[in-house]
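Subject: Handing over a structure, with notes on what was found

Dear colleague,

Please read them with the structure open beside you.

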Amino acid sequence: PALIDPVEYIGVEVIVRSGSGFGGRTAGGFVAFVAPNAKRAYAQLHRWPGGFDALVQGLYQAAYSAKNDTLFVTAAVGRPPVKQSQLLKLDAKTLRTVASTDMAKVPKRDDGHTYAVYGVDVDDKNGNVWVTNTRQGTVSVHKQSDLKLLKRFADGAAYHARDVAIFEAGNKAYVSTPGKNTVVVFDTKKL
């Protein structure tokens, strides 16, 4: 049978798991695609060319850049203080890590807590990746090319920010704030 094409299944849903057993073998991290024929996908996943990179622990959400054929994944480990959090850039064809960046420590805290990232979406029009910093109630914007931080909005700008959705044609980033039952809108052109 043919191997799974990640682009074919990206539109359905991407589930990222870390440190799970797979087919009797332990994988340090893998990406599973929920497909119309999930049984076929499960059976073929272990035959991915070149195997899988061991990804970091605490994977949360993934977003696909069609323009760059790249997958961006957020990770955060632990309960507060969250001391380990990363944004990963993966090659969508090989699922190998191309780049990663550790999140900065929150100023005025002495416990090592970081601006942990959870929600993620891509803005291919402007070449950026938007992530939510849930515990600080804000969002950050990184360059897709090298994951450099371009802007972190003020703490509290989007109370308990969870998900972010980019509307490129309208230059908007919509951020859900479940604690307040609202959606906060950011202008993707004004960073």
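Two strands are taken to pair if DSSP finds at least two bridges between them, and the strands themselves are DSSP runs (E, at least two residues), as helices are (H or I, at least four residues), numbered from the N terminus. Please keep in mind that this is a predicted model, in which local features need pLDDT of at least 70 and side-chain atom pairs count only at pLDDT 80 or more, while totals for chains, interfaces and linings use all residues. Residues are numbered from 1 along each chain as its sequence is written, and side-chain values use heavy atoms, with hydrogens and water left out.

The sheet

Strands of a sheet pair through backbone hydrogen bonds, in either a parallel or an antiparallel way. Here, three strands make up an open sheet in the order β13-β14-β15, with antiparallel pairing. The edges are taken by β13 (164-167) and β15 (182-187), each of which has a single partner strand, so one side of each has no neighbour in the sheet. From one strand to the next the twist averages 25° (axes are lines fitted to C-alpha atoms, for helices over the stretch in contact, and angles run from 0 to 180 degrees between N-to-C directions). Between β13 and β14 (residues 172-177) the antiparallel pairing runs over four bridges, and Ala 165 stands opposite Tyr 174 in β14.

The aromatic rings

Rings of Phe, Tyr and Trp (its six-membered ring) count as a pair if their centres lie within 6.5 Å, and the pair is called stacked with planes under 30 degrees apart, edge-to-face over 60 and tilted for the rest. By this rule there are four aromatic pairs. One of them joins Trp 130 and Phe 153, which are stacked at 5.9 Å centre to centre with 25° between the planes. This pair links distant parts of the chain, since Trp 130 belongs to strand β10 (residues 128-133) and Phe 153 to the loop between β12 (149-152) and β13, 23 residues apart.

Because Trp 130 lies in strand β10 and Phe 186 in strand β15, the pair ties together parts that are 56 residues apart in sequence. Phe 186 is buried, as is Trp 130, and Trp 130, Phe 153 and Phe 186 form one aromatic cluster.

A charge is said to sit over a ring if NZ of Lys or CZ of Arg is within 6 Å of the ring centre and within 35 degrees of the ring normal. The charged end of Lys 151 is placed in this way over the ring of Phe 153, 5.0 Å from its centre, and Lys 180 lies over the face of Tyr 159, at 5.2 Å from the ring centre.

The salt bridges

The structure has four salt bridges (a side-chain nitrogen of Lys or Arg within 4 Å of a carboxyl oxygen of Asp or Glu). Among them is the one between Asp 69 and Lys 93, at 2.5 Å from N to O. Asp 69 is in the loop between β5 (59-65) and β6 (70-77), and Lys 93 is in the loop between β7 (84-91) and β8 (97-102), so that the pair links distant parts of the chain, 24 residues apart. Asp 69 counts as buried at 17% relative accessibility, whereas Lys 93 counts as exposed at 57%. Another salt bridge joins the side chains of Arg 109 and Asp 111, at 2.6 Å from N to O; Arg 109 is partly exposed at 39%, and Asp 111 is partly exposed at 23%.

The backbone

Most residues other than glycine have a negative phi, and most peptide bonds are trans. The peptide bond from Pro 80 to Pro 81 is cis, with omega near 0°, and Pro 81 belongs to the loop between β6 and β7. Asn 171, which is not a glycine, has a positive phi of about 55°; this residue is found in the loop between β13 and β14 and counts as buried at 18% relative accessibility. Asn 181 likewise has a positive phi, near 55°, but is found in the loop between β14 and β15 and counts as exposed at 71% relative accessibility.

Methods. Buried < 20%, exposed > 50% of the residue type's maximum accessible area, 1.4 Å probe, protein only.
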